[in-house]
Amino acid sequence: MVGSSVSDLHGNQLAQGQKWTRSSLKHGKDLPYPELKKWYTGAIAQFEIPTITNLVQLLNKAQKRGDHSFWETVERLLELDQLREQDKLPRPFSGVIKLLKVFTGVDEYFDMDQAEALIKATDMSFSETQKSRFIQPEDYSELAWCYRLMVEGYLAIFKKQKEQLGEAYMTDPGVGKINKIHGWAAMKPGIKVEPWSYTPRPIGENDVEIQIEYSGICGSDLHTIKQEWSGTTYPAIVGHEIVGKVITKGEKVTEFNEGDLVGVGAQVFACHRSDCRPCNNNLDPHCPRGVFTYNSKYADGEQAQGGYAEAVRVDSKYAFHIPSSIDPLHAAPLMCAGTTVFAPMLRKGVKKGDRVGVVGIGGLGHLAIQYAHALGAEVVAFSHSPNKRQECLDLGATKFVLTSDKKDVDAHRHTLDFLFITSNSNSNQYNEFISWMDFEGTVVLLALPEGHMTFSPFEFVFNEVAITGSLIGGVNIIKKTLEFASKHNIRPIIEKYPIDDVNNALQHMDDGKARYRIVLTH
């Protein structure tokens with residue numbers, strides 16, 4: 001670049017660009033991006049504008065992935081826009097930025113005539129360019145021509161692709177309706193979340209994009225943002241009880257159409273490969289390649305973000321039709337809480353006549369009572385709150401045991417086939433729980449209290465009791481959870497909060513005052 005005149009630079013670059021373009025179209029290949037990158041980077045380095053260098057790097061990264069929409073450049077484009085508005089970039093960039101916005105889907109559609117007009121806009125008189133603190137006036141033309149040639153080359157490729165694909169080209173498979181997702185994220189340990197936006201992953205051929213209408217608050221959300229389980233990566237948008245409508249779908253998705261009402265639970269991806277043992281045994285939550293709805297990473301290193309947001313993108317296997325008989329507002333808690341309690345009942349084979357105990361009558365417990373009752377079990381509710389007695393009986397419990405009443409508790413020792421622990425019980429309570437079990441009974445942990453459990457091995461041996469845990473439900477179990485709830489009129493007891501009031505809702509939940517699930521309305 002150094003030592004070249006503006007006219008020579010113009011002519012040489014245009015000739016090289018035309019040569020690359022002709023070769024690309026003749027052989028059906030893309031522009032030679034490695035050479036192009038080297039050339040652009042060399043031209044740009046002398047101008048010391050990091051945002052422009054980053055843009056070139058992002059374009060190159062997107063090309064390597066085969067993502068011709070270049071959606072990842074949106075943030076950098078906005079930075080360039082801000083610099084331009086502050087008169088820190090030359091006027092010719094306005095046309096280039098606008099054109100790249102069309103390519104990345106920021107604008108509504110790709111209009112070929114508009115693109116050609118914008119190419120011409122970059123040729124405006126450089127004498128009109130204002131002085132900048134970052135670039136010398138004589139260098140404006142060189143920098144502008146770098147970008148002019150880049151978009152000219154892309155335009156030629158896109159023209160060819162449009163000829164080949166026709167109207168199908170108008171819908172880029174990687175771009176959705178919402179390409180910048182706004183939500184509420186935890187930025188550090190605590191119970192406060194704040195507005196934050198992120199660029200979602202491209203929509204894959206098996207993915208769906210969902211505009212969220214309702215999102216339930218789960219105890220896991222609090223544990224995660226407070227980092228009580230450690231390993232939280234901030235910023236973190238939590239929420240895995242999601243209900244909304246499909247607004248975009250990948251080309252291989254056949255089960256859903258735009259406008260379908262769907263739910264998403266605590267998982268958004270699993271491999272479902274034939275050689276994956278968990279996936280082939282209905283244990284896809286344990287898939288080694290699985291991705292949870294938030295605070296979990298995809299294979300490419302991108303972090304999944306959850307439902308306290310306007311939209312979410314997930315593998316279509318982990319989107320579920322909401323039965324028409326279930327109000328979407330009530331469907332949200334079923335995606336996690338309902339599935340969490342019903343999954344082990346299905347796996348352990350709870351059936352009519354079984355004696356089932358439920359410890360902790362809260363967000364999980366009040367649903368566990370309903371599911372066990374609908375399975376035909378005799379349900380015993382254990383609680384330290386006497387004011388929950390009637391409510392438990394109304395939900396389907398056969399008996400209510402006040403845990404502070406020793407006589408009442410003693411009367412129920414060695415009487416249960418199953419005990420589902422849904423509360424964060426103290427570590428020294430498990431000997432007590434085991435004493436409530438009949439021979440060969442099973443204690444199932446659904447909550448994750450801090451610290452370690454302590455109990456005597458003699459209780460195991462002499463009562464032949466098993467203790468097990470249960471994570472969440474896979475694809476088949478979530479479907480059964482919703483179908484069973486629809487058939488047996490199982491519904492959560494909820495409180496509503498608008499999403500803008502999410503911090504008060506989280507505090508209400510953290511204070512233990514929620515009755516029993518909180519649903520955020522978007």
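**Helix α11**

I looked up which residues of α11 are buried (under 20% relative accessible area, where exposed is over 50% and partly exposed lies in between, with a 1.4 Å probe and protein chains only), and I found G365, H366, L367, A368, I369, Q370, Y371 and A372. Because eight of the ten residues of this helix (365–374) are buried, I noted it as largely enclosed by the rest of the structure. Helices (H or I, at least four residues) and strands (E, at least two) are DSSP runs, numbered from the N terminus. I am reading a predicted model, in which local features need pLDDT of at least 70 and side-chain atom pairs count only at pLDDT 80 or more, while totals for chains, interfaces and linings use all residues. Residues are numbered from 1 along each chain as its sequence is written, and side-chain values use heavy atoms, with hydrogens and water left out.

I then looked up what the buried residues of α11 pack against, and I listed α10, β10 (355–359), β11 (378–383), α12 (389–395), α16 (475–488) and β17 (517–521). Just after α11, I saw that G376 takes a positive phi of about 95 degrees.

**The sheet**

I traced six strands that form an open sheet with parallel pairing, in the order β12-β11-β10-β13-β14-β15. The edge strands, each pairing on one side only, are β12 (399–402) and β15 (466–469); two strands pair if DSSP finds at least two bridges between them. Strands of a sheet pair through backbone hydrogen bonds, either parallel or antiparallel. For β13 (residues 416–421) and β14 (residues 437–445), I noted parallel pairing over five bridges, and I found that F420 has V444 in β14 as its bridge partner.

**V379 in β11**

V379 has its place in strand β11 and is buried, with a relative accessible area of 0%. Leaving aside neighbours within four places in sequence, I found V379 in contact (heavy atoms within 4.5 Å) with residues including V356, V358, I369, A372 and H373. The C-alpha atoms of V379 and V358 are separated by 7.4 Å, although these residues are 21 residues apart along the chain.

Apart from its neighbours within four places in sequence, T340 is in contact with L364, L446, S470, L471 and I472. Is F458 buried or exposed? F458, which I placed in helix α15 (residues 457–463), counts as exposed because its relative accessibility is 56%.
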